[in-house]
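Biologist: Please show me the model. I want to ask about its charged side chains.

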Amino acid sequence: DLNLTPRLYFPKLSNETIILDYKQTHYVKTVLRIKVGQKIILFNGNGLEAEAKIASFGDKNTTLHPHDFKNISRDPPTEITVAQCLCLSNKMDYVVQKSTELGAANILPINSQRNQLNLSINLQKKKIQRWQLIADASSQQCGRTNRTIVQAPMDIESFFSEEKKKNKKTLRWVLDPDATLSVSNVGLKNANKLLILIGPEAGFSDEEDLLANESCFTAIKFGKRILRTETVAPAILAVVNYKLGEF
């Protein structure tokens with residue numbers, strides 16, 4: 001039962017006996033309080049899932065026997081990327097966690113002109129690792145079978161430059177409180193890929209608005225109110241999931 005059986009991300013999942021490392025052993029034994037003989041679900045982040053019975057606990061490892069392998073997807077039919085302009089750390093953690101729960105395939109942090117958070121090169125690597133751990137933990141909890149990938153941050157100018165070169169079949173939305181179209185009436189056009197660009201608390205600069213327009217982004221608004229930047233991703237993803245028939 002997906003709701004009752006604990007899940008664990010294990011990228012090297014195969015039909016061989018599985019040995020969990022110290023951190024995973026601590027999580028299974030101490031946090032989840034799983035006993036020998038009980039089962040958990042393992043998933044590899046690429047659609048493969050299996051039941052695994054705890055065979056034994058060591059001081060620093062756990063032995064499991066996997067079985068009942070299934071190729072399964074609980075992801076939306078459209079590949080969704082959330083391009084989130086960097087906000088304060090706890091808010092960014094929230095965006096990553098909730099975007100993963102609601103089916104985002106990719107999360108791309110963006111350095112914009114009005115960011116609240118500016119990351120040094122040294123800090124970027126640590127933050128990406130932290131956000132990826134948050135995404136993986138969220139996937140374990142919510143039943144995702146494909147791994148959400150947290151990408152390296154991009155400067156917004158480079159981001160728009162790259163988007164101009166890419167497949168125009170990708171549907172591109174940029175959040176704009178002054179837009180004519182609303183998320184409730186904008187069409188998905190059977191798009192295989194959807195890219196959602198969300199600005200910082202202070203909004204985009206005029207230059208960035210122009211670049212978005214030149215890069216084939218459709219401006220949309222979220223109703224009559226202006227949401228906080230960390231609220232936008234989960235709110236709009238909920239609407240997208242509804243439109244895609246996921247709810």
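Biologist: Is Lys98 buried, partly exposed or exposed, and what is its relative accessible area?

Modeller: This is a predicted model, where local features need pLDDT of at least 70, side-chain atom pairs count only at pLDDT 80 or more, and totals for chains, interfaces and linings use all residues. Residues are numbered from 1 along each chain as its sequence is written, and side-chain values use heavy atoms, with hydrogens and water left out. Buried means under 20% relative accessible area, exposed over 50%, partly exposed in between (1.4 Å probe, protein chains only). Lys98 is therefore partly exposed, at 23%.

Biologist: Which residue meets Lys98 in a salt bridge?

Modeller: A salt bridge puts a side-chain nitrogen of Lys or Arg within 4 Å of a carboxyl oxygen of Asp or Glu. Here the N to O distance is 3.3 Å. Both residues lie in helix α2, three residues apart, about one turn of the helix. The partner of Lys98 is Glu101.

Biologist: Which residue forms a salt bridge with Asp93?

Modeller: The closest N and O atoms are 2.5 Å apart. The pair links helix α2 (residues 89-101) to helix α3 (residues 121-142), 37 residues apart in the chain. Helices are DSSP runs (H or I, at least four residues). Asp93 is buried, at 13%, and its partner is Arg130.

Biologist: Where does Arg74 lie?

Modeller: Arg74 forms a salt bridge with Glu49 (2.9 Å, N to O). Glu49 is in strand β4 (residues 48-57), 25 residues away; strands are DSSP runs (E, at least two residues). Arg74 lies in the loop between β5 (62-71) and β6 (79-85).
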